[in-house]
Amino acid sequence: MLAFNVAQLLKEPTGASREYEIEENIEGLDEEIHPAGPLKGKVTFLHAGRYNILVTGTLEVPLHLNCSRCLEAVVKTIRVKLEEEFKATIDVETGASLHWGETVERCNLINSSHILDLTEVIRQNIIVNIPMRVLCKPDCAGLCPYCGHNLNLGPCECKREEIDPRWMPLKKLLEAQI
Ligand SMILES: [Zn+2]
Ligand SMILES: [Zn+2]
């Protein structure tokens with residue numbers, strides 16, 4: 001569950017806080033995110049001013065990725081650090097509507113039922129933390145540029161044909177003598 005009712009916390013004095021353990025299956029959260037296990041971590045909700053809840057925490061999720069060199073499947077755990085301020089849209093005491101205009105992102109608003117939903121900020125944070133380059137191992141040999149063979153599995157046929165172009169005249173000369 002990534003949505004939390006914060007009505008009670010908003011009624012408590014500034015400085016009050018809650019801690020939540022998160023363990024959530026995020027399959028289907030985004031087509032760019034391919035989880036290999038649940039999102040896990042701990043978040044703290046701090047009542048940081050009359051209408052404000054500051055959410056901090058660190059979450060981890062293992063993702064299915066592909067090695068940038070050999071394209072083999074790799075599972076890498078990525079870490080997401082949250083530090084997000086959420087604002088109430090209803091005054092919990094009076095029931096009056098609050099309007100923040102352009103000053104607050106839509107995903108950082110607590111809804112009119114006092115539900116603070118972390119789903120969208122977590123989705124955005126995971127997307128920006130997906131590494132551009134991953135390797136299956138530090139010395140991944142990659143693919144042969146000629147035949148596409150995975151060179152981690154051993155050399156391919158093309159390797160033997162490769163010859164330093166500077167030796168070509170000599171090779172021709174030797175062949176002519178045979
Ligand atoms: Zn690789
Ligand atoms: Zn090859």
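1. Which strands do the buried residues of α2 pack against? They pack against β4 and β5.

2. Confidence comes next. The protein chain averages a pLDDT of 92, and 89% of the residues score at least 70. Confidence is highest in β3, at 98. It is lowest in helix α4 (residues 168-177), where the mean is 64. Where pLDDT is low, the predicted coordinates should not be read in detail.

3. Now the overall layout. The protein chain holds four helices and seven strands. From the N terminus on, the order is β-α-β-β-β-β-β-β-α-α-α. Of its 178 residues, 13% count as buried. Take the contacts with a separation of 6 or more: 52% of them come from residues 24 or more positions apart.

4. The sheet is open and has five strands, in the order β2-β3-β4-β5-β6. Its pairing is mixed. The edge strands are β2 (17-24) and β6 (109-110), each of which pairs on one side only.

5. β3 and β4 pair in the antiparallel sense over eight bridges. L46 stands opposite L54 in β4. The two strands form a hairpin with four residues between them. There, G49 takes a positive phi near 130 degrees.

6. β4 and β5 also pair in the antiparallel sense, over 15 bridges. L63 stands opposite K76 in β5. H64 has V75, in β5, as its bridge partner. This hairpin has six residues between its strands. In the turn, L71 has a positive phi of about 70 degrees.

7. Look at S68 in that connection. S68 sits in the loop between β4 (52-66) and β5 (73-88). Is S68 buried or partly exposed? S68 counts as partly exposed, because it has 15 C-beta neighbours inside 10 Å. Leaving aside residues up to four places away in sequence, S68 touches R133, V134 and L135. S68 and R133 are 65 residues apart along the chain, yet their C-alpha atoms are separated by 5.6 Å.

8. Back to α2 (residues 119-129). V121, I122 and I126 are buried in this helix. Seen down the axis of α2, the buried residues fall within an arc of 135 degrees, so they line one face of the helix. α2 packs on the sheet, touching β4 and β5. The direction of α2 makes about 140 degrees with that of β5.

9. What of the core? The largest nonpolar core has 20 residues. V6, F45, I53, V55, I110, L116 and I122 touch the most other members. Elements that give two or more residues to this core are β3 (39-47), β4, β5 and α2. β4 provides the largest share, five residues. As a general point, nonpolar side chains tend to be buried together in soluble globular proteins.

10. I110 deserves a separate entry. Not counting residues up to four places away in sequence, I110 touches V6, I53, F86, K87, A88, T89, I115 and L116. V6, I53 and L116 are also among the core residues that touch the most other members.

11. To sum up: β4 pairs with β3 and with β5. β4 also gives the core its largest share of residues. The buried residues of α2 pack against β4 and β5. Treat α4 with care, given its mean of 64.

Conventions. Residues numbered from 1 in each chain as written. Chains lettered and ligands numbered in written order. Predicted model: local features only at pLDDT ≥ 70, side-chain atom pairs only at ≥ 80, totals over all residues. Buried ≥ 20, exposed ≤ 12 C-beta atoms within 10 Å, placed from the backbone. Contact = placed C-beta atoms within 7 Å. Arc of directions from axis to C-beta. Core = buried A, V, L, I, M, F, W, Y, C linked by C-beta atoms within 7 Å. Pairing = 2+ DSSP bridges. Axes fitted to C-alpha atoms, helices over the stretch in contact; angles between N-to-C directions. pLDDT = per-residue confidence, 0-100.
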